[in-house]
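Hi,

Here is the structure I promised to pass on. Have a look at it first, and my notes on what turned up follow below.

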Amino acid sequence: MKAREIAEFVGGELRGDGDVEITSVAGLTSAIAGQVAFVEKDLEHPETAASCLIVPTDADTSHANHTTVIAVSNPRLAFAQVAAVLHPRKRRGAESHTTAVISKTARIGANVFIGAFTCIGDETSIGEGTQLRAGVMLGDNVQIGNDCLLHPGVFIEDGCSIGDNVVLHAGVVIGADGFGYVRDAPDTSAEAAATPHQVGGEYLKFPQIGTVVIENNVEIGANTCVDRGALGETRIGAGTKIDNLVQVGHNVQIGKRCVIAAQTGISGSTVIEDDCVIGGQVGFGDHARVKSGAIIGSQAGVLPGKIVRPGVWWGTPVQPLDEFKRQNAHLKGLGRLRSDVRELKRKLGQGSDD
């Protein structure tokens, strides 16, 4: 793309040579001629070799070393939009590898790529333009939408439904059984009591016969697991992005446009409403609810049944950020308080015992 085409595409103000040809994107310090980079503040690295810079609208570009500049209100967003054009998702042509195992009752759309050692079950449907990379396993009665990308080693169990333009990275498992058990009452009979090492109260598996529904434009990171509903469905709303190594329990409902970072664990029947942001390693107890617009910081703990309202939350148990900061400040002051108490006891003649 020429610089003027990029400026028009992102709705920015072109400053400099609009005929500069741009072939790819790069970071500010590593960029070379023919590449575009971005800065979110003023030109703190004016020595960049990039041929084009995307900068904030109010940036001073007078010292840009003859680099063409495009000024926009949100440089990071504009950069991502340009990157999507200059670095399109790798697409393979319509093909079915000779090692693929495809049920005779499966329905395969046009321009579908089916990689090596892929398995597709009975009555499963795959939409147009979808890419199934090597080792993808699809169970029976699975529905895959159009233009999806399933990376190597993705497993989708029976009866699950995937929308359009969904990306599942390597090792994602959709529709495994949820972690649900009911404990039987222990045997209290005299015969059982007389048996050495008798263990009673075995765990009986609760039915895990529901499904998973993933809506359009969802992306799920590597080795994340989304369990099927026990009796109903587990659902992930349109536009939601989930990082690597996330566990989504049975009957969880995740709304639209949520962002969930790595190593988060979401227990069964939790509801996360639209437009929420969840940091890494957050733990959710069962039946919790996160209201639309809430932001939960990393390593927070949400107790079972807790309602998290809009705002910024942190800590375990999770609490509003201001309260978390206040408590954290108090904890940091405990050492000083201990020293003050010891000194006071010494002055009162009571010794310095802890």
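A quick word on terms before the details: helices (H or I, at least four residues) and strands (E, at least two) are DSSP runs, numbered from the N terminus, and two strands pair if DSSP finds at least two bridges between them. Please keep in mind that this is a predicted model, in which local features need pLDDT of at least 70 and side-chain atom pairs count only at pLDDT 80 or more, while totals for chains, interfaces and linings use all residues. Residues are numbered from 1 along each chain as its sequence is written, and side-chain values use heavy atoms, with hydrogens and water left out.

Let's start with the hairpin. Strand 38 and strand 39 form it, with 4 residues between them, and Gly315 in the turn has a positive phi of about 90°. The pairing of these strands is antiparallel, over 2 bridges, and Trp314 sits opposite Gln319 of strand 39. Strand 38 (residues 311-314) also pairs with strand 35 (residues 294-296), this time in the parallel sense over 3 bridges. There, Ile295 has Val312 as its bridge partner.

Then there is an open sheet of 10 strands with parallel pairing, in the order 7-10-13-16-19-24-27-30-33-36. Its edge strands are strand 7 (101-102) and strand 36 (301-302), each pairing on one side only. Strand 36 is joined to strand 33 (residues 283-284) by 2 bridges in the parallel sense, and Phe284 is opposite Val302 there.

What about disulfides (a pair of cysteine sulfur atoms within 2.5 Å)? The search of the whole structure came back with 0. Cys160 counts as buried (under 20% relative accessible area; exposed is over 50%, partly exposed in between, with a 1.4 Å probe and protein chains only), as its relative accessibility is 0%. Cys276 is buried as well, at 0%.

Last one: Gln208, in the loop between strand 21 (203-205) and strand 22 (211-214). Gln208 counts as buried, with 8% relative accessibility. Its side chain reaches the backbone nitrogen of Gly178 at 3.1 Å. Leaving aside residues up to four places away in sequence, Gln208 touches (heavy atoms within 4.5 Å) several residues, among them Asp177, Arg228 and His250.

Cheers

Methods. Disulfide = S-S within 2.5 Å. Polar contact = N/O pair within 3.5 Å; in protein donor to acceptor, adjacent residues only side chain to side chain.
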